[in-house]
Amino acid sequence: MPISNQQVSTHPFLRGLYDDGYYPDHVVDRGRAVLLALCERIERERPAGLPALYALTQAATEEFNDLQAAFEADGSEIETVAREEIAGDFGFVASAYGFPDADVEELIATREW
């Protein structure tokens, strides 16, 4: 399902990680795919309120938890810079889909990084 939200479809997800050689692009690609799948799911399910949005974003956050091992296998990790970049993109997604008041910490509450 292609993304219909123009703001989201042109957003450079995880740009800061791609720009930093510390993060392997093929693993960052997997993180970007998680975020795009989240956007597709939001468009498909149309969460009616913050609790429903949080359920979707926290499920996506758990997918990032699973990526931690892939980063480590390539000599990287989800550390401060990556955490901020990932959290920022979750906040962007919430805002782009009409939830500007979403709490970023709640969006990624299930994170283990």
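This is a predicted model: local features need pLDDT of at least 70, side-chain atom pairs count only at pLDDT 80 or more; totals for chains, interfaces and linings use all residues.
Residues are numbered from 1 along each chain as its sequence is written, and side-chain values use heavy atoms, with hydrogens and water left out.

Fold first. The chain has six helices and zero strands. Helices here are DSSP runs of H or I, at least four residues; strands are runs of E, at least two; both are numbered from the N terminus. Along the sequence the pattern reads α-α-α-α-α-α.

How much of the chain is buried? Buried residues make up 44% of the 113 residues. Buried means under 20% relative accessible area, exposed over 50%, and partly exposed in between, with a 1.4 Å probe and protein chains only.

Now the salt bridges. A search of the whole structure finds two. The term means a side-chain nitrogen of Lys or Arg within 4 Å of a carboxyl oxygen of Asp or Glu.

Take arginine 41 and glutamate 45. Their side chains meet at 2.8 Å, N to O. Both sit in helix α3, residues 25-45, four residues apart, so about one helical turn separates them. Arginine 41 is partly exposed at 31%. Glutamate 45 is partly exposed too, at 41%.

Next, arginine 111 and glutamate 105. Their closest N and O atoms are 3.6 Å apart. Arginine 111 has 31% relative accessibility, partly exposed. Glutamate 105, at 47%, is also partly exposed.
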